[in-house]
Amino acid sequence: MFEAKDIIETISMIREECLDIRTITMGISLYDCQCDNADRLATRIYDRIMSRARDLVKTGEEIEKKYGIPIINKRVSVTPIALMAGGLDGAAHELGINFIGGYSALVQKGFTNGSRTLISSIPQALAETERVCSSVNVASTKAGINMDAVAEMGRVIRETAERTRERQSIGCAKLVVFANVPEDNPFMAGAFHGIGEPETVINVGVS
């Protein structure tokens with residue numbers, strides 16, 4: 001049961017201190033979507049996001065109305081993937097999600113074929129999508145620095161800027177290069193759903 005002073009204090013925080021819920025981010029595991037065929041992979045990713053996050057925006061809006069506290073962004077993060085952003089961006093648009101993160105690779109100890117493919121495709125992916133965000137972890141205290149990855153990301157950042165130059169190089173604002181990336185990260189633009197996380201999880205950020 002809320003007391004009158006608690007309600008008044010909350011109203012004051014919203015009006016005078018700009019209290020809001022900065023974001024609700026749903027983390028979704030894509031491990032079950034693995035497939036050798038790129039088209040089927042994109043379809044599986046799209047279907048998984050649509051089924052898990054279908055009510056995310058609607059539920060967020062209902063919470064806003066019920067408690068009177070604005071929720072600024074509704075977002076999704078997925079496990080780092082190594083192919084095709086089409087399923088991500090299409091689902092984000094259809095669901096009304098602000099951003100979707102997880103077009104990511106973890107290469108601090110070295111490259112896999114999949115991570116090389118993903119990294120080389122980042123400029124095109126960020127240029128041709130609106131809501132997809134990307135990240136690459138190139139170093140860690142334990143593993144050291146993958147200097148080949150650092151050099152490659154320098155080229156990727158420049159190409160991303162050039163491909164989106166007519167939109168103030170917005171692609172670079174959706175790309176993060178990490179050192180010591182956390183195991184799970186719900187914060188855009190470097191968001192991805194961590195390996196040790198459950199199938200689906202909600203993260204809330206309060207301003």
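Student: Why is Lys-74 called buried?

Tutor: Start with a caution: this is a predicted model. The relative accessible area of Lys-74 is 9%. Buried means under 20%. So Lys-74 counts as buried.

Student: Where is Lys-74 found, and which residues is Lys-74 in contact with, leaving aside neighbours within four places in sequence?

Tutor: Lys-74 is in strand β2, residues 71-78. Its contacts beyond those neighbours are Ile-24, Val-57, Gly-60, Glu-61, Glu-64, Ile-97, Asn-98 and Phe-99.

Student: What lies 3.2 Å from a polar atom of the Lys-74 side chain?

Tutor: The backbone oxygen of Ile-71. The cut-off for a polar contact is 3.5 Å, and 3.2 Å falls within it.

Student: Is Leu-56 buried or exposed?

Tutor: Buried. Its relative accessibility is 6%, and the limit is under 20%. Leu-56 sits in helix α3, residues 56-67.

Student: Which members of the largest nonpolar core touch the most other members?

Tutor: Ile-49, Ala-53, Val-76 and Leu-88, in a core of 41 residues. Take Leu-88. Setting aside neighbours within four places in sequence, Leu-88 is in contact with Ile-45, Ile-49, Val-78, Ile-81, Ile-100, Tyr-103 and Val-132.

Student: How do you know that the length of helix α5 agrees with its number of residues?

Tutor: Helix α5 covers residues 113-128, which is 16 residues. At 1.5 Å a residue, the helix should span 22 Å. Its end C-alpha atoms are 23 Å apart, so the two values agree.

Student: Where in α5 does the kink lie?

Tutor: At Ile-122, shortly before the proline Pro-123. The kink is about 50°. Both Ile-122 and Pro-123 are among the buried residues of α5, a list that also includes Ser-115, Leu-118 and Leu-126.

Student: What covers the buried residues of α5?

Tutor: The cover includes β3 (99-106), β4 (132-140), α6 and β6.

Student: Why is Ser-169 called partly exposed?

Tutor: Its relative accessible area is 24%. Ser-169 is in the loop between α6 and β6. Its phi is near 55°, a positive value in a residue other than glycine.

Student: What makes Asn-180 partly exposed?

Tutor: Its relative accessible area is 44%. Exposed would need over 50%, so Asn-180 stays in the partly exposed class. Asn-180 lies in the loop between β6 and β7. Phi of Asn-180 is near 55°, again positive in a residue other than glycine.

Student: Which peptide bond is cis, with omega near 10°?

Tutor: The bond from Met-188 to Ala-189. Ala-189 is in the loop between β6 (175-179) and β7 (200-206).

Student: Which elements have the lowest and the highest mean pLDDT?

Tutor: Helix α1, residues 4-16, has the lowest, at 64. Helix α6, residues 147-163, has the highest, at 97. For the protein, the mean pLDDT is 86, and 87% of residues reach 70 or more.

Methods. Residues numbered from 1 in each chain as written. Predicted model: local features only at pLDDT ≥ 70, side-chain atom pairs only at ≥ 80, totals over all residues. Heavy atoms only, no water. Helix = DSSP H or I, 4+ residues; strand = E, 2+ residues; numbered from the N terminus. Buried < 20%, exposed > 50% of the residue type's maximum accessible area, 1.4 Å probe, protein only. Polar contact = N/O pair within 3.5 Å; in protein donor to acceptor, adjacent residues only side chain to side chain. Contact = heavy atoms within 4.5 Å. pLDDT = per-residue confidence, 0-100. Expected span 1.5 Å × (residues − 1). Bend = angle between axes of the 7 residues up to and from the residue. Core = buried A, V, L, I, M, F, W, Y, C linked by side-chain atoms within 4.5 Å.
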